[in-house]
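Subject: Structure for you to look at

Hi,

Here is the structure I promised to pass on. Have a look at it first, and then read my notes below.

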Amino acid sequence: MKVAVVGATGLVGTVMLKVLEERNFPLTELIPVASEKSVGKEITFKGKKFPIVSMDTAIGMRPDIALFSAGGNTSLEHAPRFKEAGTTVIDNSSAWRMDPAIKLIVPEVNAHELSIDNKIIANPNCSTIQMVVVLKPLHDKYKIKRVVVSTYQSVTGTGVKAVEQLMNERKGIDGPKAYPYEIDLNVLPHIDVFMDNGYTKEEMKMVKETNKIMSDDSIKVTATTVRIPVMGGHSESVNIEFENDFDLAEVRSILEKSPGIIVVDDVANLKYPMPKDAHEKDEVFVGRIRRDESAPKALNLWIVADNLRKGAATNAVQIAEYLIQKELV
Ligand SMILES: NC(=O)c1ccc[n+]([C@@H]2O[C@H](COP(=O)([O-])OP(=O)(O)OC[C@H]3O[C@@H](n4cnc5c(N)ncnc54)[C@H](OP(=O)(O)O)[C@@H]3O)[C@@H](O)[C@H]2O)c1
């Protein structure tokens with residue numbers, strides 16, 4: 001099992017290597033790939049040093065699986081080349097997600113859609129992944145009509161440059177900027193580019209990707225995505241309107257039994273999910289579970305997950321594990 005990690009020096013790539021190591025992923029050969037400027041540098045995996053190779057070298061080594069997190073353009077250009085070489089690509093960028101021929105997978109929700117023919121598989125947007133893990137079991141039970149979500153997203157979601165911007169601002173250093181405004185002590189209601197309808201691309205990703213992953217275009221979603229000066233993970237305030245009425249204790253019990261979810265909801269003892277606690281965890285944390293008293297059959301939730309883990313690396317590695325387990329690779 002030869003595995004290429006494309007974007008191995010980036011924020012997601014670094015976590016990808018950590019997740020592969022922690023889960024004792026059954027790889028026999030690791031092929032770390034990054035841009036030309038990093039070729040020849042070394043990364044450490046399981047205590048051993050591995051040289052970073054170029055895209056062409058990696059393709060020539062014909063990996064079984066390539067885990068891509070090197071931006072959309074890199075993926076559009078090179079994923080088909082890996083596919084030609086017989087590699088199954090799992091891609092973290094948004095390049096392939098809405099392509100009707102490409103599966104968009106969150107293992108807890110729709111891994112069953114995968115077949116041996118899927119040679120490029122898309123990993124959804126980080127804010128969508130953590131939301132659908134929670135929506136799916138509730139949709140199965142009560143049928144969701146509409147979701148209103150506002151996000152509070154970590155700077156780690158923008159990559160290395162954004163983390164540097166936040167840290168530089170804290171130290172009073174004038175450095176490269178990932179955002180159009182200061183991020184420290186600030187809140188930016190703007191993630192990705194603005195579109196003609198007044199939403200951002202990130203917001204529309206949450207709408208379209210949710211419908212695709214849940215295989216249900218009848219679920220209406222409206223999103224406001226917001227960047228905050230936080231590191232550990234993304235948080236989401238989610239309001240869900242159901243077709244059928246629900247019992248709050250049953251909602252809690254369904255979530256507690258669902259794979260990949262940890263319920264942290266004990267307000268009497270001030271227990272609720274926070275990015276500091278979700279940081280470096282693979283699960284999705286849910287709390288503040290309460291009835292929306294302004295509407296019938298509506299529920300409010302607070303959902304937190306480490307965007308570099310379940311929102312990116314862990315989800316991709318879980319897809320790879322599923323492919324191996326079902327002998328689809
Ligand atoms: N951050 C998140 O929470 C998150 C979540 C889901 C998906 N994603 C997606 O994952 C991707 C990477 O995000 P990130 O946050 O890890 O970004 P990042 O920290 O900026 O890292 C980018 C990585 O891509 C490599 N790269 C850039 N151009 C390349 C090229 N032409 N050929 C080969 N490698 C190249 C870089 O290598 P060098 O070091 O050599 O430049 C680096 O390893 C993006 O598509 C992003 O949208 C990110």
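Before the notes, one term: a pocket here is an open set of grid points, each a place where a 1.4 Å probe fits, with protein on both sides within 12 Å along at least five of seven lines. Please also keep in mind that this is a predicted model.

With that in hand, the largest pocket holds about 1200 Å³ of space. It is lined by 49 residues, and those closest to its centre are Ala70, Gly71, Gly157, Thr158 and Gly159. If you want to find the pocket by its surroundings, look for helix 1 (11-22), helix 3, helix 7 (201-213) and helix 10, the elements that give two or more residues to its lining.

Six strands make it up, paired in parallel and ordered 2-1-5-6-8-7. Strand 2 (29-33) and strand 7 (103-104) are the edge strands; each has a single partner, so one side of each has no neighbour in the sheet. Helix 3 (residues 72-84) packs on this sheet and touches strand 1 (2-6), strand 5 (65-68), strand 6 and strand 8, with its direction at about 175° to that of strand 5. Helix 10 (residues 309-325) lies across strand 5, strand 6 and strand 8, and runs at about 155° to strand 6. Within the sheet, strand 6 (residues 88-91) and strand 8 (residues 120-122) run parallel and are joined by three bridges.

Two residues of helix 10 are worth a click. Ile319 belongs to that helix and is buried, with a relative accessible area of 0%. What does Ile319 contact, leaving aside its neighbours within four places in sequence? The answer is Ile90, Ile105, Pro107, Leu114, Ile121 and Asn123. Gln318, also placed in helix 10, has a relative accessible area of 15%; it still counts as buried because the cut-off is under 20%. Beyond its neighbours within four places in sequence, Gln318 is in contact with Arg23, Pro107, Glu108 and Lys310.

Then there is Arg97, which sits in the loop between strand 6 and strand 7. Is Arg97 buried or exposed? At 5% relative accessibility, Arg97 is buried. Its side chain reaches the backbone oxygen of Asn123 at 2.8 Å. Not counting residues up to four places away in sequence, Arg97 touches Asn92, Leu104, Ala122, Asn123, Pro124, Asn125, Lys205, Glu209 and Lys212. One of these, Glu209, is 112 residues away along the chain, yet the C-alpha atoms of Arg97 and Glu209 are separated by 7.6 Å.

Last stop: strand 11 (residues 234-242). Seven of its nine residues are buried, so the rest of the structure largely encloses this strand. Strand 11 pairs in the antiparallel sense with strand 9 (residues 144-152), over eight bridges, and Val149 stands opposite Val238 of strand 11. Strand 11 also pairs with strand 14 (residues 298-305), again antiparallel and over eight bridges. There, Ser235 has Val304 in strand 14 as its bridge partner.

That's what I have so far. Over to you!

Cheers

Conventions: Residues are numbered from 1 along each chain as its sequence is written. This is a predicted model: local features need pLDDT of at least 70, side-chain atom pairs count only at pLDDT 80 or more; totals for chains, interfaces and linings use all residues. Side-chain values use heavy atoms; hydrogens and water are left out. Two strands pair if DSSP finds at least two bridges between them. Helices (H or I, at least four residues) and strands (E, at least two) are DSSP runs, numbered from the N terminus. Contact means heavy atoms within 4.5 Å. Axes are lines fitted to C-alpha atoms, for helices over the stretch in contact, and angles run from 0 to 180 degrees between N-to-C directions. Buried means under 20% relative accessible area, exposed over 50%, partly exposed in between (1.4 Å probe, protein chains only). A polar contact is a pair of N or O atoms within 3.5 Å; within protein, one must be able to donate a hydrogen and the other to accept it, and residues adjacent in sequence count only if both atoms are side-chain atoms. On a 1 Å grid over the protein atoms alone, a cavity is a set of points where a 1.4 Å probe fits but cannot get out, and a pocket is an open set with protein on both sides within 12 Å along at least five of seven lines; lining residues have an atom within 4 Å of a point. Grid points are joined across faces, edges and corners, and a volume is the space filled by probe spheres set on the points.
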